[in-house]
Amino acid sequence: MDLLKAVVLGVIQGLTEFLPISSSAHLRIFPELVGWGDPGAAFTAVIQIGTELAVLIYFRKDIWRIGSAWVRSLFQAEYRGTLDSRMGWFIIVGSLPIVVLGVLLKDIIEEDFRNLWIIGTTLIVLGVVLGIADRVGRTDRPLDKITLKDALLMGAAQALALIPGVSRSGATISMGRFLGFEREAATRFAFLLAIPAVVGAGLFELKEIPHGHNDFGWGPTIIATVVSFVVGYAAIAWLLRYVSTRSYTPFVVYRILLGAGTLILLGAGVLTA
């Protein structure tokens, strides 16, 4: 049963990590709904490495180009000021808020923030925010127009995803749309910005897996991570194609319905916070 649960949770992680609907919320709500209980913050953080591996492979050319330009800019003046070298700095600076807050608030994140009342509420509130951002965003800025201020603001928005239900991609995309970035540009930067935070959090939580801080051991956790990688890779390709021509409205509606449904089930006693 642990292996079956791991496969199911891996599929859920892969499907929901890159969509602006919060993978951590789904990994908290679904197991509770079917009576599996909370799989734990450590399990959730580690299997996200699978989906981030999908990002690393899907964007491997972008990552290599940005990384090599950034390293060269440290030693060769002609690379300084190029978009790729600046993008490297933007990703580093934009990652600082979630790293600092993640370390400072670790205990609160793993305990208090996993309350389903909070998750249901954040699903609704941030869904509304995403809808407003997508409607009022000017959609006139490609990714090459990004500035350090934009990176900091999107990094601050990403840090909100420490609260399950917010959605890392959803928060970053919302800020990107408020700043006027095209949907595809905001989505692409959200994926790149998530790499240091998610990989770092997963590696940081690896030590928790064998010590009873999650419902699964190494075997199921590895299986869930592999499954999340495969499903996540397909989800990235689909989402980038989708947002190039369509709005985020379906995700907004889904978030509100899921959040409202969670709160109703909690009020009715079907779910335990």
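Predicted model: local features only at pLDDT ≥ 70, side-chain atom pairs only at ≥ 80, totals over all residues.
**View 1. The surface of the protein chain.** Residues are numbered from 1 along each chain as its sequence is written, and side-chain values use heavy atoms, with hydrogens and water left out. The mean positions of the 23 positive and 21 negative charges lie 9 Å apart (Lys and Arg count as positive, Asp and Glu as negative, and His and the chain ends are not counted; the places used are NZ of Lys, CZ of Arg, CG of Asp or CD of Glu).

**View 2. The helices and the overall fold.** Twelve helices and zero strands make up the secondary-structure count of the protein chain (DSSP runs numbered from the N terminus: H or I of at least four residues for helices, E of at least two for strands). Along the principal axes, the C-alpha atoms fill a box of roughly 60 × 40 × 35 Å.

**View 3. The largest nonpolar core.** This core has 35 residues, and M87, F189, F191 and I236 have the most contacts inside it (a core is a set of buried Ala, Val, Leu, Ile, Met, Phe, Trp, Tyr and Cys residues joined through side-chain atoms within 4.5 Å; buried means under 20% relative accessible area, exposed over 50%, partly exposed in between, with a 1.4 Å probe and protein chains only). Helix α10 gives the most to this core, with eight residues. Leaving aside neighbours within four places in sequence, M87 is in contact with I66, L143, I146 and F189 (contact means heavy atoms within 4.5 Å).

**View 4. V231 in helix α11.** Helix α11 is where V231 is found. V231 counts as buried because its relative accessibility is 18%. Apart from neighbours within four places in sequence, V231 is in contact with V11, G14 and L15. From C-alpha to C-alpha, V231 and W70 are 31 Å apart in space, and they are 161 residues apart in sequence.
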